[in-house]
Amino acid sequence: MVKDRFGRPVKSIRVSLTERCNLNCFYCHREGEWHRHRNEMAPEEVERILKIARALDIRKVKFTGGEPLMREDIVDIVARAAPLMDRDVSLTTNGTLLSKYAQDLKDAGLMRVNISLDTLDPEKYRKITRNGDLKDAMDGVHAAIDAGLNPVKLNMVLLRGINEDEIERMIEFSAETGAILQIIELETPVERENTQFFKKYHVNPKFIEEHLEKVADEINYNELHRRKRFRFKFGSRMAEVEIVRPMHNSTFCMYCTRIRLTSDGKLKPCLLRNDNLVDILGPLRNGASDDELLEIFKEAILRREPYFK
Ligand code: SAM
C-alpha cells in the first residue's frame with residue numbers, strides 16, 4: 001500500500017465519469033471540477049487506470065460526476081471495475097435515473113449506493129435542484145433498495161434556511177426505507193468561505209451532532225470514517241444517521257485515504273484544490289506503458305496533503 005508524505009495510505013479512488021448532470025443543484029461543488037469539457041474517459045480507459053490503482057493496492061472505487069448515470073455505458077464501467085475493486089464498488093447519484101439502472105448495476109457488481117436527497121418536499125427539491133422532480137429520486141431510492149444495493153445511503157447537504165427543519169422527518173424516512181442518512185456539511189475551499197453565498201447557506205452541523213448524542217437510542221462508531229453513527233428505534237425498525245463534517249476538520253483530513261480522478265482523466269489529490277492535478281489520461285492515450293502510468297499515479301499520491309491541518 002502506498003502512503004503519502006504524511007503517512008496516510010491511499011485505499012480508495014473516487015472517479016468522476018462525466019461533468020454532465022440532469023440536475024443543477026445551486027450549491028454543487030461539482031467535485032471540484034470547474035472547467036467545462038467533454039473529454040470523458042472511455043470504459044476501457046477507466047478500467048486501465050483502475051488496474052494501475054489496483055497495482056497500488058487501491059481496492060475501492062466510488063463513481064461520481066456530474067451525474068454518473070448520464071453515462072449510457074455505466075453498467076459496462078461498473079462491470080469492468082468490479083473484479084478489480086474487490087473491497088467496494090459504489091456510486092453516488094442523484095437517483096433520478098436509478099429505477100432504470102439499479103438491477104443491472106447490482107448484477108454488474110455494484111455493491112452500494114449514495115443517493116442525494118436534501119429534502120422530502122417536492123417544491124424545495126425543485127428549487128434546490130433547479131427543476132428536478134422529487135418523485136424520480138424517490139423512485140430511485142426504492143429501486144436501489146429493491147435491487148439489494150446495501151447499504152443505500154442518503155446524502156443530505158445541510159442548507160441554512162432550507163432543510164434544517166427536515167432532519168427529524170429525514171430520520172423517520174431513513175427508518176421507513178432502511179437507508180442510512182448522512183447529514184453533510186456544505187463544503188467550499190477556504191478562499192470562498194467569506195462569500196455571501198457560503199455565509200448564507202453554511203451551517204456548522206456540530207450542534208446537530210451534540211443534540212443527536214443526547215437523544216439517540218444507541219451510538220456506534222464507524223471505524224472506517226472515524227465518526228459516530230447514531231441509531232434511533234422506530235417500532236421494529238432502526239434509523240441510522242451519520243454527520244459528515246469536513247470543514248476545518250483536521251481529523252477528517254488526517255484520516256483521508258482517497259484519491260480522485262476527474263472526468264477528463266486527471267488524478268486529483270484533494271477535492272478542494274486544483275493546483276496539484278496530475279494528468280494520467282493524456283499519457284495513457286499517448287501510449288504510456290503500465291510502469292509509466294504507475295509512476296504518474298505515485299506522483300499524484302506524493303502530492304496529497306491534508307487541506308485542513
Ligand atoms: N450527481 C451525483 C449526486 O448527486 O450524488 C454525483 C455528484 S454530487 C457532486 C456528489 C455529492 O456531493 C452529492 O451528494 C452532493 O449533494 C454533494 N455535494 C455537492 N456540492 C456540495 C457541497 N458544496 N458541499 C457538500 N456536499 C456537496
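**Fold, ligand shell and loop residues of the predicted model**

The buried residues of helix α6 are covered by elements that include α5 (134-147), β5, β6 (180-184), α8 (206-215), β8 (227-234) and β9 (237-244). Cover here is by contact, meaning heavy atoms within 4.5 Å. Helices (H or I, at least four residues) and strands (E, at least two) are DSSP runs, numbered from the N terminus. Helix α6 spans residues 167-177, and its buried residues are Ile167, Met170, Ile171, Phe173, Ser174, Ala175 and Thr177. Buried denotes under 20% relative accessible area, exposed over 50%, and partly exposed the range in between (1.4 Å probe, protein chains only). An α-helix has 3.6 residues a turn, so residues three or four places apart point the same way. Gly178 follows α6 and has a positive phi, near 85 degrees.

The model is predicted: local features need pLDDT of at least 70 and side-chain atom pairs count only at pLDDT 80 or more, whereas totals for chains, interfaces and linings use all residues. Residues are numbered from 1 along each chain as its sequence is written, and side-chain values use heavy atoms, with hydrogens and water left out.

The protein contains 11 helices and 12 strands. Its radius of gyration is 19 Å, which agrees with the value near 19 Å for a compact globule of 309 residues. The radius is taken over C-alpha atoms, and the globule rule is 2.2 Å times the number of residues to the power 0.38. Along the principal axes, the C-alpha atoms fill a box of roughly 55 × 40 × 35 Å. Of the 309 residues, 55% are buried. Among contacts with a separation of 6 or more, 70% are between residues 24 or more positions apart. The protein exposes about 14000 Å², of which carbon and sulfur atoms supply 47%. Accessible areas come from the Shrake-Rupley method with a 1.4 Å probe; for residues, only the protein chains shown count as cover.

A side-chain N or O atom of Tyr27 is 3.1 Å from an oxygen atom of the ligand. A polar backbone atom of Gly66 is 2.9 Å from a ligand nitrogen atom, and a side-chain N or O atom of Ser116 is 2.8 Å from a ligand oxygen atom. Taken alone, the ligand exposes 540 Å², and the protein buries 94% of that area.

Several residues were examined in the loop between β1 (12-16) and α1 (43-55). Arg38 is found in this loop and counts as exposed because its relative accessibility is 65%. Its C-alpha atom is separated by 7.8 Å from that of Glu19, 19 residues apart along the chain. Glu40 lies in the loop between β1 and α1 and is buried, with a relative accessible area of 18%. The side chain of Glu40 makes polar contacts with the side chains of Thr18, at 2.5 Å, and Arg20, at 2.9 Å. A polar contact is a pair of N or O atoms within 3.5 Å; within protein, one must be able to donate a hydrogen and the other to accept it, and residues adjacent in sequence count only if both atoms are side-chain atoms. Residues up to four places away in sequence aside, Glu40 touches Leu17, Thr18, Glu19, Arg20, Glu45, Arg71, Ser263 and Arg285.

Most residues other than glycine have a negative phi, and most peptide bonds are trans. Glu31, not a glycine, has a positive phi of about 55 degrees; Glu31 lies in the loop between β1 and α1 and counts as buried at 9% relative accessibility. Arg130 also has a positive phi, near 55 degrees. Arg130 is placed in the loop between α4 (122-129) and α5 and is partly exposed, with a relative accessible area of 47%. The peptide bond from Asn150 to Pro151 is cis, with omega near 0 degrees, and Pro151 is found in the loop between α5 and β5.
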